[in-house]
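Please look at the model below before reading the numbered points.

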Amino acid sequence: MKDRTIANFALSGVSVFVVTALTFGPNPLPASAEDQPDTVTLVIHANKAADAYNQQQWAQAKDEFRFCIGQRPASMEYYEGLYNTCMKSGEWDQVAYALEKMFAIDPSQKVAHAYEYGQALFHLNRFDDAIPMLKNALRSVDLPDALTYIPKKHVMPVTTLDPEQAKLEAARVEAAKVAAAKLAAEKVYKHTDLDMTTALSYQNAIKSECILLAEYQGYDKSPDIGWNHPPQAHYYITEILKGPPLNKHMPVKYEFHDVINPTMPKGWKFDEKKCMPEKDSKWIMFIEFAVPKRGMFEMYQGSYGIQPANDDNLNKLYALLDKYNMRNTHS
Amino acid sequence: MKARSLAILGALLVNACGVNAAHADTPATKKEMIHTMLLQIYEQRGSKEVAPEYLALIALRPTDDKLHFRYGLYLEKAGDDRAVTQYKAAVNLAPANADYQGALGNAYYRARNYTAAAGAYKRAVECGGGAKYSALYQSMLQYLQQARDYAKYQKQLKDAE
């Protein structure tokens, strides 16, 4: 919302000084989900994303926003950036993905973005979902439009508070959280979308930025491998069904569990034969963000993101990709 | 620092003036888009809600001849006589369009208004739709002649009695 306000200010020449003042002013103390101060890496990529967006280089802006989302998945502003960028480039699956994440973070966004979400659902052939959303949008068409530019972040470190001030600030943030929780409890929200974003299903997995077929090649052996210390596995990409082109040799963080069920079974012990796939076996890989972290690609919902490429799974996947117009044109 | 401020101020001004409005739609445009999308969905599904969507779009774009024509086609397919009204509106907005004139002729024909149908077919032929509508026009003229002859014959029979 702060960004939107700045963008609206920027539309009138008179208020440019206000924009400048806000751009160079001290970093406002973050509230809610964005509690941590921005790292320098994040700020650099956020600024690259803003630059690319403002220069209408949608592909680069998308990549940068996706990187930022990978770094800060609970932060609304990067999803908003991704949504704005992909609205411009017409990548409707990404628009829907970003908006669904935004709605999960702040359900009130659903009213403000009903039009854009309805449009995205329409283009994805999700007509049953699109109809109520478009009807809702008719009631809110007079709300302000989406961002026309994205302001850059300033590379200024957050001022460190002295211990007394920090205590007061922590108390203020805590009180704000309690108030927000109370407010949220009073409102009746439908949580279907929120549930959908975490459920382990192909319906959700296809929202990943990248979906591909790959053959397992091997893994990096290490004595530290454990339930929560996954090895780096190596796959060879045979086909990219959705998403950007990647190097054929793909390093993967090979998780032994999905995100929803992280508890280690009793007696579990790493055994190469039981825990790792057969060499040259074929797999469907769902990569939520096509940006490697610490040199490895992370799969959608941990181990769920790697599915056997058998006929049933492939048919299910192709049907969904075709249903929602998501397949790369060349695949 | 001052130079950097000025550079960014300049960049902001450029951005503020050269607004890319690809999805910064006006409320009116948004309404049109929404009704167009809903219409497309309902048409694909053969839903009854097609008609209200057409009416909503016509209210937003009353001078869109194509829209009147498409709504006319929809009504004609549904066997609704109100198709004539929509075709008439399309013809009024684009009188030189042979397809609109021909469609009006077809609608009149279905409503058994043969004289008006012949007139519409004639105009369709005059507007360059000869290949499509001249046969219909000729057969309509023949039919009208036969109808006149039959009426004359009936009158003669009545007079003879």
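1. Which residues in α6(A) meet which residues in α8(A)? On the α6(A) side they are W92(A), V95(A), A96(A) and L99(A), and on the α8(A) side E116(A), Y117(A), A120(A), L121(A) and H123(A). Contact here requires C-beta atoms, placed from the backbone, to lie within 7 Å. By class, this contact has seven nonpolar, one polar and one charged residues (nonpolar is Ala, Val, Leu, Ile, Met, Phe, Trp, Tyr, Cys and Pro; charged is Asp, Glu, Lys and Arg; polar is the others, Gly among them).

2. This is a predicted model; local features need pLDDT of at least 70, side-chain atom pairs count only at pLDDT 80 or more, and totals for chains, interfaces and linings use all residues. Residues are numbered from 1 along each chain as its sequence is written, with chains lettered from A and ligands numbered from 1 in the order in which they are written.

3. Helix α6 (residues 92-105) and helix α8 (residues 114-123) of chain A pack at about 135 degrees, their axes 9 Å apart. Axes are lines fitted to C-alpha atoms, for helices over the stretch in contact, and angles run from 0 to 180 degrees between N-to-C directions. α6(A) and α8(A) are therefore oblique to each other (under 35 degrees counts as roughly parallel, over 145 as roughly antiparallel, 65 to 115 as roughly perpendicular, the rest as oblique). Helices (H or I, at least four residues) and strands (E, at least two) are DSSP runs, numbered from the N terminus.

4. Chain A also has an open sheet of five strands, ordered β3-β2-β1-β4-β5, with antiparallel pairing (strands pair if DSSP finds at least two bridges between them). Its edge strands are β3 (249-253) and β5 (306-308).

5. Strands β1 (residues 210-219) and β2 (residues 232-242) of chain A pair in the antiparallel sense over eight bridges. I211(A) stands opposite K242(A) in β2(A).

Definitions and conventions: Contact = placed C-beta atoms within 7 Å.
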